[in-house]
Amino acid sequence: MGFIGVLRLTTPDKTPRKATGGEIWVMNHPSILDGSYLLKYVTNGTCIYKDQIGSNPLYGSTAKLAQHIPNVGGPDMVRLACEVLARGEDLIIFPEGTRCTKADLSKFKSGFALIAKRSKAAINVMWMESPDDFMTREAPFWKVPQLTAEVDISRIERIEGGDCRSVRDILERVKECYAERASR
């Protein structure tokens with residue numbers, strides 16, 4: 001979309017890898033294309049996707065072919081995610097569990113924190129800024145958005161594996177990062 005002037009995507013510079021295993025990337029989720037944006041940046045990423053997407057002919061087929069993980073919950077999802085990380089692949093998770101233009105900390109799911117605690121993987125806390133009318137749940141799909149859409153992805157913080165004592169500590173630390181960024 002960038003080459004036809006629809007979108008300008010800005011991502012942070014990549015930092016050298018410190019771990020031999022994979023890393024967890026969490027990001028807010030304002031638009032339907034967020035996974036695509038982050039997969040462009042995190043080139044060896046596996047996403048955990050909303051289970052309902054699996055029944056969508058386009059998105060579901062793509063997610064299954066790419067061997068992404070449905071968020072069916074429970075120990076199997078956590079085990080699969082930890083296996084992905086142990087193979088050195090990165091894991092992309094949207095902790096809100098659904099698209100929303102305003103970060104709703106009350107909707108945060110704790111699954112990513114449990115996966116981080118079990119795998120001892122580093123967490124990259126990311127933030128995406130995008131126009132409210134570009135591919136968001138609130139914008140009707142037939143309404144043409146303001147173009148060129150400026151989408152900016154930035155890293156808020158990196159939490160090293162093992163830095164937090166509990167799942168609750170990890171969850172609260174990421175929530176604090178998001179709350180601070182959302183208040184700007």
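Which elements do the buried residues of α4 pack against? They pack against β2 (24–27), β3, α3 (74–86), β5 (90–93), β6 (123–129) and α5 (167–182), where contact means heavy atoms within 4.5 Å. Helices (H or I, at least four residues) and strands (E, at least two) are DSSP runs, numbered from the N terminus.

This is a predicted model, in which local features need pLDDT of at least 70 and side-chain atom pairs count only at pLDDT 80 or more, while totals for chains, interfaces and linings use all residues. Residues are numbered from 1 along each chain as its sequence is written, and side-chain values use heavy atoms, with hydrogens and water left out.

| Item | Detail |
|---|---|
| Buried residues of α4 (residues 111–119) | F112, A113, I115 and A116 |

Buried means under 20% relative accessible area, exposed over 50%, and partly exposed in between (1.4 Å probe, protein chains only). Seen down the axis of α4, its buried residues fall within an arc of 160°, so they line one face of the helix. That arc is taken from the directions from the helix axis to the C-beta atoms.

Now to the core. A nonpolar core is a set of buried Ala, Val, Leu, Ile, Met, Phe, Trp, Tyr and Cys residues joined through side-chain atoms within 4.5 Å. The largest one has 40 residues, of which I24, V26, L91, F112, I115 and Y178 touch the most other members. Its largest share, 6 residues, comes from α3. Among the residues that I24 touches, not counting residues up to four places away in sequence, are L85, F112 and I123.
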